[in-house]
Amino acid sequence: MSPSGETVVVIGGGIIGTMCGWYLQQAGQSVTLVDSGAFGAGCSHGNCGYVSPSHVLPLTRPGAVSTTFKAMMGRNSPLSIKPRLSPSLWKWLWNFSRHCNQADMLEAANGRHLLLQSSKQLYQQLITEQEIDCEWEERGILFVFDSAEEFEEYSHTHDLLKETFGVTATPYTGQSLLELEPALKEGLGGAWHYECDCHLRPDKLLSEMRKRLEANGVEIIEHFPVTDFRTENGGARAVSDGKRWLEADRFVVATGSMTPFLNTHLGCKIPIQPGKGYSLTMPQPTHGPSYPMIFEEHRVAITPMQSKYRIGSTMEFAGYDTSINRKRLQLLRTSAAHYLHDPDCEPIEEEWFGWRPMTWDGKPIIDRSPAMNNVWVAAGHNMLGLSMATGTGKLVREMMLGEPTHVDPGHYSISRLQSK
Ligand SMILES: Cc1cc2nc3c(=O)[nH]c(=O)nc-3n(C[C@H](O)[C@H](O)[C@H](O)COP(=O)(O)OP(=O)(O)OC[C@H]3O[C@@H](n4cnc5c(N)ncnc54)[C@H](O)[C@@H]3O)c2cc1C
């Protein structure tokens, strides 16, 4: 029992639940964290490891619908939507398309920017103070362009990010790019170096955080899929996995892409679609890169971690489909080979997929449930859950304990996504 006598159950042992649990425990709450499977085995496990304040802009940009459609027409497109009769998917796509304009893009970008900035600072603090060995590096990320035209065109986005959000990058072309990153092939269009970005090894961060949580008295219960809430006087009193009840004073729902399955209990429609992405993990190639890079036209990312090397990406809207599409895995390797002399390495140690929790406006949901006054939702972090996790955990603690919030929580309200 914490000094204040408050108990909290965090539902979901991904990076979001982990950071909510951490900041709540540090504020003196007595925390239990439950997961339907193994701790840290969801989308937070095999992602690309970027903590990237540069990723301010959402996917909903002017012209995104036609660009996405065109991209999907290509045989080897990294984007795909599996045609199926899913009213929630079609509604999601409709809302997504309605937000592809300058005003909505900037509105979403404001909310993303706040959490991205605060999260980076909080990571730096947490990793230093707790001496967390998660292969954290601050060398930035290269946005690499195949064509010179696309590289030049990106200068408009760069200027927007610089002028509106103070996020800047350094452009490199020709010989200067090869001197910066000799692993790249000759003849590419150019690259923008976002020095503000960082990277780490996500599975190591999670296992290190698990140790810190448990050392501070947090109980972690695996294989506890929450299926029910017991309520009383407008609040939740306990959650159940169908076999036993777990009581607490407060609850956090950090169930990532699975959150819509709790809609009935939460008293609202959480419009999250699973956006499936893949990664391949292997040893560092002999002449591998030293910078993390996003190959912009191919939408593939590579991360040279200290102990591993990862190629990741692709986005499939195929529902909760658990199959591994081998063509998608191959696409990661061929895309990397387009840009790098030594693009991959045997043996492949892990073939992985994860469901990104995608909201149609590109912002997460961090808010109190409309149906239960002591339940908070922290989900829908899209392609940036790792990058926004520390800020989210801190904000949940502030909202729950009635502290002044370090960012405006209005950006992440549930109500913005209802009845649309
Ligand atoms: C290929 C790929 C690359 C990516 N790269 C990056 C990157 O470089 N940087 C970045 O910031 N983001 C990246 N992302 C996105 C990031 O991985 C996600 O946004 C993030 O992991 C979401 O975290 P989460 O904790 O919300 O979800 P999860 O990690 O999925 O955790 C949710 C947990 O809740 C549990 N759960 C669900 N339902 C229940 C229930 N009813 N009861 C109990 N437990 C439940 C699940 O088992 C799961 O463990 C990438 C994603 C992919 C797919």
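In which loop is the place of Pro347? Pro347 sits in the loop between helix H9 (326-339) and E18. Helices (H or I, at least four residues) and strands (E, at least two) are DSSP runs, numbered from the N terminus. A cis peptide bond links Glu346 to Pro347, with omega at about -5 degrees.

The model is predicted: local features need pLDDT of at least 70, side-chain atom pairs count only at pLDDT 80 or more, and totals for chains, interfaces and linings use all residues. Residues are numbered from 1 along each chain as its sequence is written.

The protein chain splits into two domains. Domain 1 covers 7-45 + 204-270 + 364-417, and domain 2 covers 56-102 + 130-197 + 272-358. These bounds come from an automatic or database domain assignment. The C-alpha centres of domain 1 and domain 2 are 28 Å apart. To the contact between them, domain 1 brings 17 residues and domain 2 brings 13 residues. Two residues are in contact if their C-beta atoms, placed from the backbone, lie within 7 Å. On the side of domain 1 that touches domain 2, helix H7 (residues 202-215) gives the most, with 4 residues. By class, that side of domain 1 holds 6 nonpolar, 8 polar and 3 charged residues. Here Ala, Val, Leu, Ile, Met, Phe, Trp, Tyr, Cys and Pro count as nonpolar, Asp, Glu, Lys and Arg as charged, and the others, Gly among them, as polar.

The largest nonpolar core has 107 residues. Such a core is a set of buried Ala, Val, Leu, Ile, Met, Phe, Trp, Tyr and Cys residues joined through C-beta atoms within 7 Å. A residue is buried if 20 or more other C-beta atoms lie within 10 Å of its own, exposed if 12 or fewer, and partly exposed in between; the C-beta atoms are placed from the backbone. The residues with the most contacts inside the core are Ile11, Cys20, Val144, Phe251, Val252, Val253 and Ala378. Helix H4 (residues 102-129) gives the most to this core, with 8 residues. Domain 1 and domain 2 both give residues to the core, so it lies between them. Phe251 also has contacts beyond its neighbours within four places in sequence. These contacts are Val8, Val9, Ile11, Ala236, Val239, Asn374 and Val375.

Strand E20 (residues 375-379) is mostly covered, with 5 of its 5 residues buried. Val375, Val377 and Ala379 point one way from E20, while Trp376 and Ala378 point the other way. In a regular strand the side chains alternate between the two faces of the sheet. Strand E13 (residues 250-253) pairs with E20 in the parallel sense over 3 bridges. Two strands pair if DSSP finds at least two bridges between them. Val252 stands opposite Trp376 in E20. Strand E19 (residues 365-368) runs antiparallel to E20, and 4 bridges join them. Ile365 has Ala379 in E20 as its bridge partner. A hairpin of 6 residues connects E19 to E20.

The ligand has 41 residues around it, of which Gly14, Gly42, Gly256, Gly277 and Gly385 come nearest. A residue is near a molecule if its C-beta atom, placed from the backbone, lies within 6 Å of it. The shell around the ligand contains 18 nonpolar, 21 polar and 2 charged residues. At least two residues of this shell come from each of helix H1 (15-26), strand E14 (273-282), strand E17 (309-317), strand E18 (350-358) and helix H10 (385-401). Domain 1 and domain 2 each supply at least three residues of the shell.

Two residues other than glycine have a positive phi. For His223, phi is near 55 degrees. His223 lies in the loop between strand E9 (219-221) and strand E10 (228-232). His223 counts as exposed because it has 10 C-beta neighbours inside 10 Å. For Thr314, phi is about 75 degrees. Thr314 is found in strand E17. With 24 other C-beta atoms within 10 Å, Thr314 is buried.

Phe317 is also placed in strand E17. Phe317 counts as buried because it has 20 C-beta neighbours inside 10 Å. Not counting residues up to four places away in sequence, Phe317 touches Ile81, Lys82, Leu89, Gln273 and Gly275. Phe317 and Ile141 are 176 residues apart in sequence and 26 Å apart in space, C-alpha to C-alpha.
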